[in-house]
Amino acid sequence: MKIANYKMENCLKEIFTMRIFHQNRPSIYPFDPWKVVETEFKAAYNHRNEAIFSLGNGYMGLRGTFEEGLPAHVPSTPGTYINGIYETEPIIYGEYMARQPAEYQSMINITDWKGLKIFVDSEEFSMFSGTVDDYSRTLDLKEGILRRQLTWTSPKGRRVEIMFERFISHANQHLAFMRCSVLPLNFSGAVVLRSHVNGAVTNYHHLREPALEVVSTTMTNESGVLVSRTKNSKLAIGCAVTHQTSPATSIMGSASTKCLDFLARFEAVEGQTITMDKFIAVSSSRETPEEQLGNFVQRLVIRSSQHGYDRGRKSHVEFLGSYWDDTDVVIEGDVALQQGMRFNALQLLQSTGRDGKTNIAAKGLSGEYYEGHYFWDTETYIIPFFLYSQPSLVRKLLEYRYSILEPARQNAKRMRDQGALYAWRTINGHEASGNFLGSTVQYHINAAVAYAIHKYLEATEDYDFLVEMGAEILFETARCWAHRGAFLESRGGQYCINEVCGPDEYKPGVNNNCYTNYMAQFNLQLALEARDRLRNDYPEEYAKLVARLDLQEDEFALWQKCADRMYLPFDETLGIHPQDDSFLTKDPIDIDSIPPSEIPLVNNWHPLVIWRYQVIKQADVILLLFLLGDRFTLAEKKADFDYYEPKTTHDSSLSPAIYSIIAAELGYEEFAYNYFLQTVRLDLDDYNRNAWQGLHTACMAGSWMGVVNGFAGMRTFGGELSFKPFLPKQWKNYSFKIKFKGAQLNVRVEADHTSYSLIGGTSCSLMHFSQPVTLSAEQTSVVVTNHVSD
């Protein structure tokens, strides 16, 4: 312990100086609490901005590419996506290994519907010709609308004000809207707007061949439909567009085998604005039968145009207004962090599926990297973000896990296990990674799913979900855990789980990963608790489930035995929880001596080099201290943090949020705040210089966790809501809302006190440090003093 404390006390300044002070980097975008604004277009930054200015509604996403397109020399990855729509290709292995996954799944770039070009007396508008003045591109975070405004002087001297506006509707997942306005400033003459729908699209990464084949194109004067189908996965996508103009003018449509084009010609008058509204409807064969797809999107887009652009925008903005009412975290005293929190919250909503068939990819709907795959990020980071503001959305994310339970059973069989083993990275439920040391070995994904079910039930008391879906997941994952390990005499007959990988991906194939064993035990206990609740409260449904799964009483007894005798590592000498059986005997290394050019290690060191050192990629034991925090003493948490923090490179963006939360609990306020800063503006300030690949959705959710679970100290252990808040010295105050067991609270933290207000429901009880607080209709608000002693 002396060594650990010495390290903490003497390396605090050095660690922050060398590894953390991202906040000293200059900001890329001006600070604004509700907007992200680009004030000057530079081609070199286009790639990054395509991700930052992406739009989506959980079903459909669009990168922030320009409507008129870009020259080939400008770095760009155009992308339009449907969540969960993918292509498959065979995985090619350098050498044969048995029982490896056979196919990749990759989210595909679908029909590009955003094309719109402007011609001013035959001169085509381009950001690279003539002169551009008064340029701005704004992502309105409150409204979820992207606007681009500029004044363009053509090479021949014609000046026009141009405005592009677009949004993807949150009120109807199938709809998107675009508006283009042109105002002649020094001439009257011909202006042509050309709208384009391109079916000849391809992915820019991962897939070896184009995925989509255009099946049909049809058009009328102002409307058209394009239907495509993937070659291998046989998923169909329908896209329909129609247009309206002001002043009204004729629109001439045409169709080729892969594209649709629409020309609107205006005799523009100086000082008078012309406008084209473009209405888009998109659907897939996942929710609409392929033979009905074209007619469905055509009817939908015509109805959308009949309602009009302004009505579509109004319903979209109203949806987001309701979202912000429940979700917004308000920070007084730091507009940069306020901007970052709201940017993150919007992007999470834009990328998260809400239909029970889809999830949220590691890069959301903002880029192709990670191939649109879903990871444990959802259960460990994204669900906590949504659970206390949008619980119905969380149920849909858990319904997705139930929908892929059968592929999880097949995955368990592939690994000679019983029950279900969820795939590490997937879209359709089957394992999509060809690197088992970075995927299948991470059995802890089962426990992440079980833990998320537990937290959902705890917060909502939605036991219908437990009966209909949750219990079956818990039972099948418990079956897997009970088969995966062994009672070893060398460990005194304790239940051990060998050859796994915990959250720290720099240590695959280890025995008794501490995180994994604790979480497996918790999963087993949850399954037994679910058995008891169903047996007592839902006996008929319980009997049917047990019969369908062929569950025997001796299986329940085995689960109990595994949980009771689970090996839970602890080193008495160091007073810490060893990350696994071998970690303490690996080669020591001072990670601050590693040249910055070699970080992240996964991109620069051979795996065998990484594996032999006491170096950690991301929070492992420290994550355990958060998720199951009621099982560890404060002294144990301090010892673990002091030991593992100097050994962690945070090469994963998932890591800093967890270290921030535990640092806050331990009273390491400077650590907590600086780690928090790594989460909140990771993409906005492009800390890792890779935002162009797509946004870091789990890290974004981690910024919310850093405020609510870290600075406010919120926990829900044992079903009891509790807070231990403090105010970072850099802020004036902060506030947020929480839904819990039918109540909604507003929590506002000041330097010396915290106020709790009941704004929904009839009553709520909580703990403020050691002080019980009860809110009801008779007393809807309470102000209590902040303190640090219990």
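1. In the counts of lining residues below, Ala, Val, Leu, Ile, Met, Phe, Trp, Tyr, Cys and Pro are nonpolar, Asp, Glu, Lys and Arg are charged, and the others, Gly among them, are polar. The structure is a predicted model, in which local features need pLDDT of at least 70 and side-chain atom pairs count only at pLDDT 80 or more, while totals for chains, interfaces and linings use all residues. Residues are numbered from 1 along each chain as its sequence is written, and side-chain values use heavy atoms, with hydrogens and water left out.

2. A cavity is a set of points, on a 1 Å grid over the protein atoms alone, where a 1.4 Å probe fits but cannot get out; its lining residues have an atom within 4 Å of a point. Grid points are joined across faces, edges and corners, and a volume is the space filled by probe spheres set on the points. Six cavities of 30 Å³ or more are found in the whole structure.

3. The largest cavity holds about 210 Å³ of space. Its lining comprises 18 residues, and Y388, Y451, K455, F626 and N709 are the closest to its centre. This lining consists of 12 nonpolar, three polar and three charged residues. Helices (H or I, at least four residues) and strands (E, at least two) are DSSP runs, numbered from the N terminus. At least two lining residues come from each of α6 (377–387), α9 (444–460), α15 (621–627) and α19 (697–711), with α6 giving the largest share, five residues.

4. The second largest cavity contains about 70 Å³ of space. Of its 14 lining residues, V329, M341, A345, F385 and W704 lie nearest the centre. Eight nonpolar, four polar and two charged residues make up this lining. Here α4 (309–327), α5 (335–351) and α19 each contribute at least two residues, and the largest share, six residues, belongs to α5.

5. Strand β11 (residues 159–168) is largely enclosed by the rest of the structure, because eight of its 10 residues are buried (under 20% relative accessible area, with a 1.4 Å probe and protein chains only).

6. Two strands pair if DSSP finds at least two bridges between them. Strand β10 (residues 145–153) runs antiparallel to β11 and is joined to it by eight bridges; R148 stands opposite F164 in β11. The hairpin of β10 and β11 has five residues between the strands, and G157 takes a positive phi near 95° there.

7. On to the next pairing: β11 and strand β12 (residues 175–184) are antiparallel and share nine bridges.

How values were computed:
On a 1 Å grid over the protein atoms alone, a cavity is a set of points where a 1.4 Å probe fits but cannot get out, and a pocket is an open set with protein on both sides within 12 Å along at least five of seven lines; lining residues have an atom within 4 Å of a point. Buried means under 20% relative accessible area, exposed over 50%, partly exposed in between (1.4 Å probe, protein chains only).
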